[in-house]
Structure formats: structure tokens, C-alpha cells
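Please keep the 3D view open as you read.

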Amino acid sequence: MHPRIPAMIRTLSISLLLAGCASSKDTILPQDGPTMREIYNAHVRTSEGEDRRTRLPTAGLRAPGHHLSDLGTAAQADYEALSARFTRVANPTLVMYIFPHLAGVHRVPVPGYSTVFPLYERVEYALPGEHTQESP
């Protein structure tokens, strides 16, 4: 490595550092605008009285249970035949309680809590004739 390169890197680093310190807060962040309180109050005023669901974009959103009503009669018959032939295997939900404990290097107290998770990682389907009871 050439002996002048480390000195050039140091000089360039110092000059960039000094150039960054030369600007002021007022030039970067203009002071002539609404305050955060005014922006928040304006937002609250415009959204008062509105139902949250009406503010959400509705393009492509459908009501729950729409999948069967949108299907034509032939497609609905095919769906019902497949559902009857390949039934879902029950996937029970397990509840696990985590006791209060101390966590981490600093031994921070964590309160007790419950969590739920399915027994199996993914949805499984029974082969035709393999599963006789209806799934939930």
C-alpha cells in the first residue's frame, strides 16, 4: 500500500466531518410549519364521526364468507364435491401458560401470560375414505 493513502483517507474523513458540522438545524428542518399538535388535531377533526372501516380502501375487499356466494352453480358444486371428498384433518389449538420469570442478562421480570398455537404447523387433508368425521 502506498504510504500516502492512509494520510489522504484521514484528511478526507476530517474534511467530511467538518462539512457536516457546518450546517445548522434551522437550514435542515424549516421552522415555519404547523406543529405536530396542529397536524394531529387536524387529523382527528377530519376522521371524527367516520367509521374506521369506511376509511379503509375497499378495492378488492370482500365480506367474510363471500367465496361460496361468488361461485357459479357449477363451480359451487365442484367445491362441495371436493370438500366432501378431501376433508380437513382436525388441528386442535393448544394453550400454553408461561410462568412469570426473569429474562435476559439484566434479569428483567416478565409477567406470566398465555399463548395459543395449533398442534400441527399446517392444514392437513385426509385422503378419500380415510377420515369419516366432519371437520370443525
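Which residue forms a salt bridge with Arg-122, and how far apart are the closest N and O atoms?

1. The partner is Glu-124, and the closest N and O atoms of the two residues are 3.1 Å apart. Please bear in mind that this is a predicted model. The count of salt bridges comes to 1.

2. Have a look at how open the two ends of that bridge are. Arg-122 has a relative accessibility of 61%, so Arg-122 counts as exposed, the cut-off being over 50%. Glu-124, with a relative accessible area of 33%, is partly exposed.

3. Next, the aromatic rings. The structure holds 1 aromatic pair. Tyr-97 and Phe-99 have ring centres 5.0 Å apart and planes at 90 degrees, so the pair is edge-to-face. That label applies because the planes are over 60 degrees apart.

4. The members of this pair can also be described by their accessibility. Phe-99 is exposed, at a relative accessible area of 60%, whereas Tyr-97 is partly exposed, at 43%.

5. Now for the surface. A nonpolar patch is formed there by Val-89, Leu-94, Met-96, Phe-117, Leu-119 and Tyr-120. Together these residues have about 470 Å² of accessible area.

6. You will find Leu-94 in strand β1, which covers residues 93–98. With 32% relative accessibility, Leu-94 counts as partly exposed.

Note on methods. Residues are numbered from 1 along each chain as its sequence is written. This is a predicted model: local features need pLDDT of at least 70, side-chain atom pairs count only at pLDDT 80 or more; totals for chains, interfaces and linings use all residues. Side-chain values use heavy atoms; hydrogens and water are left out. Rings of Phe, Tyr and Trp (its six-membered ring) pair if their centres lie within 6.5 Å; planes under 30 degrees apart count as stacked, over 60 as edge-to-face and the rest as tilted. Buried means under 20% relative accessible area, exposed over 50%, partly exposed in between (1.4 Å probe, protein chains only). Patches are made of residues with over 30% relative accessible area and no salt bridge: like charges are joined within 9 Å, nonpolar side chains (Val, Leu, Ile, Met, Phe, Trp, Tyr) within 5 Å. Accessible areas come from the Shrake-Rupley method with a 1.4 Å probe; for residues, only the protein chains shown count as cover. A salt bridge is a side-chain nitrogen of Lys or Arg within 4 Å of a carboxyl oxygen of Asp or Glu. Helices (H or I, at least four residues) and strands (E, at least two) are DSSP runs, numbered from the N terminus.
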